[in-house]
Amino acid sequence: MSSNRRNEKIILRLIHPMNGHSKEFNFTSNDTATDVGQYVFDHWPQEWENDRVSSPNILRLIYQGRFIHGNVTLGALQLPAGKTTVMHLMPRETLPEPNSQGQRKTGKTEESNCCVIL
């Protein structure tokens, strides 16, 4: 990878689920999901003003149907530099555990094929 490629910005088009509006922001591959949430909170778009959240700590990114945990970098997601990637930005207090997402989707265990009561 050339040094120019490493210095290119990752463009995120973030869609706000409450109003459906989107806004583009520039980040680097070293920025984490937490960094993205903090930046968006600090630079809250005018068109999202009616849906402002009280804290950056509740802003969560959703990429390809999965919540992105706070310490995950954009580089770890292998997002293309210089191109626009679409993600959803959602206010949510907590995230599901990374290894429990599949089980919660199906609601069944693989061993017995019976329902799981949570």
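Arg13 stands opposite Glu24 in β2. The model in which this pair is seen is a predicted one. The pair belongs to the contact between strand β1, residues 10-15, and β2, which pair in the antiparallel sense over 6 bridges. Strands of a sheet pair through backbone hydrogen bonds, in either a parallel or an antiparallel way.

β1 and β2 are part of an open sheet of 5 strands, whose order is β2-β1-β5-β3-β4 and whose pairing is mixed. At its edges lie β2 (22-27) and β4 (66-68), each of which pairs on one side only. From one strand to the next, the twist averages 40°.

Buried here means under 20% relative accessible area. In a regular strand, side chains alternate between the two faces of the sheet. In β3, Leu59, Leu61 and Tyr63 point one way, while Arg60 and Ile62 point the other way, and all are buried.

With strand β5 (residues 84-91), β3 runs antiparallel and is joined by 4 bridges. Leu61 has Leu89 of β5 as its bridge partner. With β4, β3 also runs antiparallel, here through 3 bridges, and Ile62 stands opposite Phe67 in β4. β3 and β4 form a hairpin with 2 residues between them. Gln64, in the turn, has a positive phi of about 50°.

Technical notes. Residues are numbered from 1 along each chain as its sequence is written. This is a predicted model: local features need pLDDT of at least 70, side-chain atom pairs count only at pLDDT 80 or more; totals for chains, interfaces and linings use all residues. Side-chain values use heavy atoms; hydrogens and water are left out. Two strands pair if DSSP finds at least two bridges between them. Axes are lines fitted to C-alpha atoms, for helices over the stretch in contact, and angles run from 0 to 180 degrees between N-to-C directions. Buried means under 20% relative accessible area, exposed over 50%, partly exposed in between (1.4 Å probe, protein chains only).
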